[in-house]
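Walk through this fold with me.

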Amino acid sequence: MRYLIALILTCLTFNLNAQKTFDAPIVSEGEGPFNRLILRGGILINGEGAPPTGPVDIIIQGNKILSVRSVGAPGVPIKDSARPQANKTDRVIDITGHYVLPGFVDLHGHIAGSVDGLPAEYPFKLWLAHGITTVREPGSFNGLEWTLKQKKLSDQNKITAPRIIPYIGFGMGWDKPITSAEETRQWVRHVAKKGAQGIKFFGMPKVMMQAALDEAKKQNLGTAMHHAQLNVVGTNALDSARLGLTTMEHWYGLPEAMFEDKVIQDYPLNYNYNDESHRFTEAGRLWLQAAKEGSEKWNSVRDELIELDFTINPTMTIYEASRDVMRERNAEWHQDYTHPKLKAFFEPNRESHGSYFFDWTTQNEIDWKANFSKWMAFLNDYKNHGGRVTVGSDAGYIYKIFGFGYIRELELLQEAGFHPLEVIQSATLNGAEALGMQDKIGSIIPGKLADLVIVEENPIANFKVLYGTGHYRLGLDNVAIRVGGVKYTIKDGILYDAKQLREDVKAIVKNAK
């Protein structure tokens with residue numbers, strides 16, 4: 001059993017034990033927190049499903065939102081008497097016409113992925129530069145102690161980084177064989193005592209899975225699972241939800257829960273899971289083996305998962321190269337923002353996870369487009385019937401880099417049928433609910449932490465304005481310009497110049513080259 005768990009982790013991450021990420025520098029780069037920070041004249045998208053409203057003045061005191069006040073109507077001069085009055089010691093920023101959103105939550109953010117030698121400053125600044133103020137680290141592959149160190153420094157605002165929610169991969173940091181339900185419980189109690197806030201599973205025998213999820217609930221730990229093909233026959237997504245799993249990552253395990261004419265995926269007879277090309281080729285044919293949309297089986301799985309308050313964190317973005325590898329390989333941000341170590345890791349390699357483009361064909365991409373179509377239909381159906389869908393990026397793999405991959409996930413949810421306001425809710429309040437932090441983050445209401453994103457353009461009209469490279473637009477003078485990019489990110493009351501963060505990342509990449 002110990003060998004099997006190690007094999008699963010190795011197949012998913014390779015080079016797990018050798019991984020090293022450099023600490024983020026202890027430096028004060030943002031401004032604040034302020035006694036009072038007044039943001040004047042913005043257009044509010046509050047994250048709770050309400051339509052945009054503005055102009056509003058937002059008052060932040062320390063690290064909390066003190067008040068949100070409507071101060072008029074668009075195009076009408078604002079009377080000073082309608083506005084909260086500023087003191088000499090207040091910091092006041094005019095954001096007239098800018099859009100203000102809650103800080104984004106990335107529910108699947110590996111700090112540096114599986115690449116040795118990346119500085120943590122690199123993903124941290126890319127995340128903040130794209131408005132991501134909270135990141136759930138799903139595996140702590142650098143070791144729980146290291147992740148907890150970065151979390152503490154971020155909580156104290158001693159480093160430039162989002163808020164970090166540390167999960168740990170099952171079995172990590174334990175030098176004893178885990179072969180029984182009781183030993184599973186011992187490990188869960190051990191990591192809870194160490195300070196983990198949750199556990200990520202890849203699959204194990206059902207009796208151990210049941211013990212792990214039960215003990216995690218007792219220890220008040222969150223749970224997430226990548227239903228790896230090595231164990232999905234015994235425990236698919238519905239099985240796990242019934243046992244108490246709260247969040248599923250990606251999509252593996254969902255089609256298997258909706259099989260009607262088989263028990264095991266239709267693998268070719270020469271299939272080998274350790275062959276990344278085999279793994280991703282056949283994954284692209286999996287959704288079409290599930291029950292039809294709207295069938296009794298489809299609906300029953302959907303409804304039971306919703307009844308169990310199950311969260312789906314799809315991370316569609318990390319699979320997008322499978323349906324169009326040329327697009328992802330040549331994305332415009334790679335030149336300035338992709339670290340050379342990541343670039344090398346992305347290239348086809350039989351020993352690197354996610355570098356499976358050995359001979360990626362037109363048929364592979366057609367299969368994956370069909371896969372996406374049915375996957376998106378389920379996500380939209382799940383949302384429409386009351387299920388919780390969140391946003392995660394899983395960047396650091398498969399041509400996806402931090403921040404940029406997250407914004408692409410917003411676009412993909414819109415492609416799946418989500419209204420842009422529903423997308424924002426998935427990126428903010430839904431993520432906060434999945435973490436049990438909805439009383440602190442996820443929407444812009446008085447009393448919550450001051451986590452905000454400010455952008456000059458309208459993001460619900462075009463999510464592309466959130467990319468660090470902005471949106472390419474032709475002006476009335478027939479000259480094309482770049483517009484957008486997050487202007488300010490506020491995390492825990494600290495004001496960051498998002499453009500400067502992006503310039504910092506450019507310098508990191510240039511120096512590394």
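Helices H14 and H15 lie oblique to each other. In this predicted model, the axes of H14 (residues 404–415) and H15 (residues 420–427) cross at roughly 135 degrees. That angle is oblique because roughly antiparallel applies only over 145 degrees, and roughly perpendicular only from 65 to 115. The two axes come within 9 Å. The crossing of H14 and H15 is right-handed.

Which residues make the contact? H14 supplies Tyr406, Leu410, Leu413 and Gln414. H15 answers with Pro420, Val423, Ser426 and Ala427. By type, the contact of H14 with H15 has 6 nonpolar residues, 2 polar ones and no charged ones.

The largest nonpolar core holds 122 residues. Within this core, Phe104, Tyr122 and Phe201 touch the most other members. Helix H13 (residues 362–384) gives the core its largest share, 8 residues. Take Tyr122 and set aside its neighbours within four places in sequence. Its contacts then include Tyr337, Thr338, His339 and Leu342. Ile401 and Phe402 also touch Tyr122, as do Val505, Ile508 and Val509.

A separate core of 18 residues lies apart from the largest one. Among its members are Ile93, Ile95, Leu452 and Ile454.

Beyond four places in sequence, Ile490 is in contact with Leu452 and Ile454, among others. Is Ile490 buried or exposed? Its relative accessibility is 0%, so Ile490 counts as buried. Ile490 and Gln438 are 52 residues apart along the chain, and their C-alpha atoms are separated by 18 Å.

Terms used: Residues numbered from 1 in each chain as written. Predicted model: local features only at pLDDT ≥ 70, side-chain atom pairs only at ≥ 80, totals over all residues. Heavy atoms only, no water. Core = buried A, V, L, I, M, F, W, Y, C linked by side-chain atoms within 4.5 Å. Buried < 20%, exposed > 50% of the residue type's maximum accessible area, 1.4 Å probe, protein only. Helix = DSSP H or I, 4+ residues; strand = E, 2+ residues; numbered from the N terminus. Contact = heavy atoms within 4.5 Å. Axes fitted to C-alpha atoms, helices over the stretch in contact; angles between N-to-C directions. Parallel < 35°, antiparallel > 145°, perpendicular 65-115°, else oblique. Left-handed = near helix turned anticlockwise from the far one by under 90°. Nonpolar A, V, L, I, M, F, W, Y, C, P; charged D, E, K, R; others polar.
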